[in-house]
Amino acid sequence: MISFNASFYNVLNHASGRYAFALLSGILNGVAFIWVGSISFIANVPLLLALMKAPRLTERIWLGALVGFFAGLHIYGIAHYGWFLLITFATYTASQMMLYGIGFHYLWRGSPPWCRLALPVVLWTLTEWIRTLGPFSMPASYVGNIALDQWLAPWLFLSPHLGGLFVSACIALIQTLVFLAIVDRRHYRPQIFVGFGIFITLGVIGLLTPPNLGSDLRSTVSVQSGLHNNRYAVAKVDPFARQEIIDTFAVLSTRAYSSLPDYVFWPETAIRSPIFDNESLMDQLFPPKNQRTTLIAGLPIRRDSKRYNAALAILQHQIKDESYKIKLVMGTEDHFTPGQVHTPLHIGSDRVGVMICLEAVYPRIGQSLAAQGAQFLLVLSNDAGFGYSPITHHMTRRAVMRALETGRWLVRVGQAGLSVIVNPRGEVQQSLDLFTPALMSGNVQLRDDQTFYVQYPNFFPQFTLAALVFLILVASNRRRKLDNA
Amino acid sequence: MNNKPLTETPEPCYYPVSSQTRYLWISLTLYVVAFIIYAAIDLYRDQPTVGLFNTHLPPTNSVYGNVLDPKPNLRIEDELRARVPPNPPIQMDRVFDRVSMRAHPNVIEHSVRLPKSKELLLGKQTNGELMLIIGEYLGEWVTFRSGVGVILEPNNPLVDVELGVILRARQ
């Protein structure tokens, strides 16, 4: 009878086995992305085992690349917008995991056991952080996988303090503990004990510091049209389909206005034909002039011969404020000009932080809006092109993280869904199913205070960078001693 | 069996592929194949969406061209009823009769030409079939055909139309 550990030896001794482990990690990461978020807790363990046994730098790089590429392919729903996007995303994810492999190569050998506890955590945290930087960044995070897993709420409640990245680091910590336990649980017993203790302590801290839910109430109604993107393709050529889209919004919005809410929300690029030069269309679609309801609508708009994917605050048929989407989708939104800066919409005394679709996956955009005084967050989205693929749920979980990090209520309104209202604890208060034309009513509460993360978003990444420098110094020093010996 | 501790990187050396590795690869390959099939089905399945007013089918292809808005159960009479102002109704058996339809408020003229904005061309083809021509889009023709739906046709359908009537459209 071959023991469990002996089986690992047998498999990992051969390159073929190590690549199989890397592929397994890619699959686990992918499954965590789109189906079972909590698999994140073990997703990189096979990769760590393979990296540890790989003899060369090149192999470690390829092992990392395999994990990243295959995990990225699980976001197959973006192929609806073009195979190019899916391959680009998977390649990008692969490039980040290659950095993970390189870091492991240079720092594992020579690191003392306590540094080995920290190494995978630091490497994962930094690669996840790098994904959020730069104009072509495409974030992917462990915390985004588990954002709606309420049994993990104690750790999610750490997000307002140190950001979602810190929660991802906690997940990477558990991966490391499992990895060390498989490698040699006797040798690493103190590290496993302390690591587990840290994880539990952090959970207790989170449990004792649940986010504040805010004060003043605002009533909202979100309009989910349930229209698929191909309806807009038909509307380009057929006026009958164009009218059907307008009628859909007119009927649903009229119902929404009838309850006299403070806000009505439309999704991203809800109506793509001109509205503002047609008074009867405005009467049909916008809140009545004698009503104090503000419509925040995702609409394309022209400004100085440029076309923007905009969020417009409309009151009494007038645009009171507007913001433009900055993070446009490559190859799909090239006809739009990107906006310059994210600022909250000012509506009376309220400040609403609006993110359009993909922008909700970027932690810094939500943080920046809250830092500028946004009292609640709004995500106008058009996920209709993803069809029924699981990516829509993934995008929704990622948006929920912005509520947790900033301590703000968040409303996400999708063209086809998912539309949700989430409180600052990440709890879903209201939701609508995919491709259901319907209204979602619910209150949000305003918050003016700023979480530690909103004030110091770079604290944890900088701390992690410092930890990396420390690990490099220790490992190089110890390796020199080992080589001399 | 190799019982060296796992904690250090080994020197490169040859090890035979174990049976566990083979089983692992077989399992992973099965997953990859299953995932590809699942994703392909999910990406390409023809799932209708239920809108507020109609149920919409995903685009498809036909001999005429790309069917942007499939309506397999709709006849041309149904589509005319939806697109032309309801009063007074268009009587299909008399619609091409210039004399009796002269005073009909929704009939603009009897001719075969590309319809302008807020117009439709109801055409009778040389084979006797009726079709609607809705307009032109980037060098292609937008039509409606019974049992098919709204089509983007690359070939000019006007060449096959022998009788036509331009109707007033609702939109």
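Me: What makes the local features and side-chain values here count, and what is left out of them?
Reply: In this predicted model local features need pLDDT of at least 70 and side-chain atom pairs count only at pLDDT 80 or more, whereas totals for chains, interfaces and linings use all residues, and side-chain values use heavy atoms, with hydrogens and water left out. Residues are numbered from 1 along each chain as its sequence is written, while chains are lettered from A and ligands numbered from 1 in the order in which they are written.

Me: Why is α16(A) called oblique to α17(A)?
Reply: The axes of helix α16 (residues 363-371) and helix α17 (residues 391-406), both of chain A, come within 9 Å and cross at roughly 40°. Angles under 35 degrees count as roughly parallel, over 145 as roughly antiparallel, 65 to 115 as roughly perpendicular and the rest as oblique, and α16(A) is therefore oblique to α17(A). Contact (heavy atoms within 4.5 Å) joins A:Pro363, A:Gly366, A:Gln367 and A:Ala370 of α16(A) to A:Arg402, A:Glu405 and A:Thr406 of α17(A).

Me: Why are α6(A) and α7(A) described as roughly antiparallel?
Reply: Helix α6 (residues 83-108) and helix α7 (residues 113-130) of chain A pack with their axes 10 Å apart, at an angle of about 150°. An angle over 145 degrees counts as roughly antiparallel, and the two helices α6(A) and α7(A) are therefore given that description. Their contact involves, among others, A:Tyr92, A:Phe104 and A:Trp108 of α6(A) and A:Leu119, A:Trp124 and A:Ile130 of α7(A). By class, this contact of α6(A) with α7(A) has 12 nonpolar, 3 polar and 1 charged residues.

Me: How do you know that A:Ile61 is buried?
Reply: A residue is buried when its relative accessible area is under 20%, exposed when over 50%, and partly exposed in between (1.4 Å probe, protein chains only). A:Ile61 has 17% relative accessibility and therefore counts as buried. This residue, A:Ile61, sits in helix α5 (residues 57-73) of chain A, and, not counting residues up to four places away in sequence, A:Ile61 touches A:Met98 and A:Ile102.

Me: What makes A:Asn309 buried?
Reply: The relative accessible area of A:Asn309 is 0%, which is to be set against the limit of under 20%, so A:Asn309 is buried. A:Asn309 belongs to strand β4 (residues 306-315) of chain A, and its contacts beyond four places in sequence include A:Glu268, A:Tyr324, A:Phe336 and A:Ile356. Between A:Asn309 and A:Pro338, 29 residues apart in sequence, the C-alpha to C-alpha distance is 7.8 Å.

Me: Why does A:His394 count as buried?
Reply: With a relative accessible area of 3%, A:His394 is buried, since buried means under 20%. A:His394 lies in helix α17 of chain A and touches A:Phe33, A:Ile75 and A:Asn145, residues up to four places away in sequence not being counted.

Me: How do you know that the buried residues of α2(B) line one face of the helix?
Reply: In helix α2 (residues 76-83) of chain B the buried residues are B:Ile76, B:Glu79, B:Leu80 and B:Arg83. Seen down the axis of α2(B), these residues fall within an arc of 100°, so they line one face; the arc is that of the directions from the helix axis to the C-beta atoms. The buried residues of α2(B) pack against α14 (239-258) of chain A and against elements of chain B, including β6 (119-125) and β10 (161-168).

How values were computed:
Axes fitted to C-alpha atoms, helices over the stretch in contact; angles between N-to-C directions. Helix = DSSP H or I, 4+ residues; strand = E, 2+ residues; numbered from the N terminus. Nonpolar A, V, L, I, M, F, W, Y, C, P; charged D, E, K, R; others polar.
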